[in-house]
Amino acid sequence: MFLVLLLLGLSACVEDDVKRGNDAFFIGDYDRAIANFSKALDQEPAHRDARYGLALSYFSVAEESEKLHVPTFDLWKRAADEFRILSKIDSGHQVDANYSTCLFYLARATMANGENANVLPLLDKSIMLDSANYFSMNLKALILAKGGTPEGVEAAKQIFIHILTNEPLFVSAYVNLGNLYWDEGDIESAWDTWSMGLIRSPNNPALIRWTKIAEDSLKSRILSDEL
């Protein structure tokens with residue numbers, strides 16, 4: 001009987017800690033939220049809500065730190081670690097999208113720590129978790145294109161095309177795909193791509209500039225009978 005009462009008491013304490021963690025999280029008191037969720041997990045490491053709250057708390061602290069231009073690698077790494085553990089507890093895959101987003105930010109922070117860091121495994125995992133994470137796809141394509149190999153450039157093109165086929169409002173992909181065509185000397189395809197992007201985002205400075213440059217280049221070639 002004593003053991004039963006003890007277990008019931010511990011369970012109640014855990015739920016109280018989780019509640020305090022949630023209350024702190026929703027008012028933006030992330031340090032206190034982290035402390036309370038951690039306390040709950042000390043008693044019950046597989047507590048789904050406490051683990052989720054801790055992951056979201058680290059995620060939120062990392063987001064706020066980014067706005068202040070504070071290095072965020074350690075925070076994104078900690079958030080990703082919590083999501084990784086959570087994914088073993090949560091069989092419903094309800095956290096996959098957040099975990100995917102976290103891995104995207106971790107990849108960016110890792111690159112900021114060292115330009116030569118290999119973040120493709122992080123991005124592949126991110127895309128596997130959320131097939132609609134076009135930010136991870138876009139970054140992966142940029143990395144592949146930067147490698148400079150014909151295979152990498154072609155793979156990057158296909159990724160940008162995939163993004164635009166599924167999300168026509170993802171403006172960065174127009175800019176990036178057009179850049180690849182331009183670098184290859186395919187001015188017509190570059191102009192076509194940037195022009196399509198400009199229709200979607202008529203005030204985008206990069207698209208305005210590069211569409212005009214490509215248009216002027218095409219006119220020049222026409223006047224010189226190159227087309």
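Is F59 buried or exposed? F59 is buried, at a relative accessible area of 11% (buried is under 20%, exposed over 50%, partly exposed in between; 1.4 Å probe, protein chains only).

The model is predicted: local features need pLDDT of at least 70, side-chain atom pairs count only at pLDDT 80 or more, and totals for chains, interfaces and linings use all residues. Residues are numbered from 1 along each chain as its sequence is written, and side-chain values use heavy atoms, with hydrogens and water left out.

**View 1. The ring pair F59 and Y105.**
A pair of aromatic rings is described by the distance of the centres and the angle of the planes. Here, rings of Phe, Tyr and Trp (its six-membered ring) pair if their centres lie within 6.5 Å; planes under 30 degrees apart are stacked, over 60 edge-to-face, and the rest tilted. The count is 12 aromatic pairs. F59 and Y105 have ring centres 6.3 Å apart and planes at 85°, so this pair is edge-to-face. The pair links distant parts of the chain: F59 belongs to helix α3 (residues 48-67), Y105 to helix α5 (residues 96-113), 46 residues apart. Helices are DSSP runs (H or I, at least four residues), numbered from the N terminus. Ring pairs also join F59 and Y105 with W76, F104, F135 and F170 in a cluster.

**View 2. The tryptophan pair W194 and W210.**
The two rings are tilted, with 5.4 Å centre to centre and 40° between the planes. W194 is in helix α10 (residues 187-200) and W210 in helix α11 (residues 205-223), so the pair ties together parts 16 residues apart in sequence. How buried is W194 by relative accessibility? W194 is at 0% and counts as buried. W210 is partly exposed, with a relative accessible area of 23%. The charged end of R209 sits over the W210 ring, 4.8 Å from its centre (the rule: NZ of Lys or CZ of Arg within 6 Å of the ring centre and within 35 degrees of the ring normal).

**View 3. The salt bridge of D17 and K39.**
Side chains of opposite charge can pair when their charged atoms come close. A salt bridge is a side-chain nitrogen of Lys or Arg within 4 Å of a carboxyl oxygen of Asp or Glu. By this rule there are 14 salt bridges. D17 and K39 meet at 4.0 Å, N to O. D17 is in helix α1 (residues 2-26) and K39 in helix α2 (residues 30-43), so the bridge ties together parts 22 residues apart in sequence. D17 is buried at 3% relative accessibility. K39 is partly exposed, at 47% relative accessible area.

**View 4. The salt bridge of K19 and D23.**
Their closest N and O atoms are 2.9 Å apart. K19 and D23 are 4 residues apart in helix α1, so about one helical turn separates them. K19 counts as exposed, at 51% relative accessibility. D23 counts as partly exposed, at 39%.

**View 5. The salt bridge of K157 and E184.**
The closest N and O atoms lie 2.7 Å apart. K157 is in helix α8 (residues 150-166) and E184 in the loop between α9 (171-183) and α10, so the pair ties together parts 27 residues apart in sequence. K157 is buried, with a relative accessible area of 9%. E184 counts as partly exposed, at 46% relative accessibility. Elsewhere, salt bridges that share partners join D17, R20 and K39 into one network.

**View 6. The surroundings of S136.**
S136 is found in helix α7 (residues 134-146). S136 is buried, with a relative accessible area of 0%. Leaving out residues up to four places away in sequence, S136 touches S100, F104, L123, S126 and I127 (contact means heavy atoms within 4.5 Å).

**View 7. The largest nonpolar core.**
A nonpolar core is a set of buried Ala, Val, Leu, Ile, Met, Phe, Trp, Tyr and Cys residues joined through side-chain atoms within 4.5 Å. Which of the 30 residues in the largest core touch the most other members? They are W76, F83 and C102. Elements giving two or more residues to this core are α1, α2, α3, α4 (73-89) and α5. Helix α3 gives the most, with 8 residues. Not counting residues up to four places away in sequence, W76 touches F59, A62, E63, E66, C102, Y105, L106 and A109.
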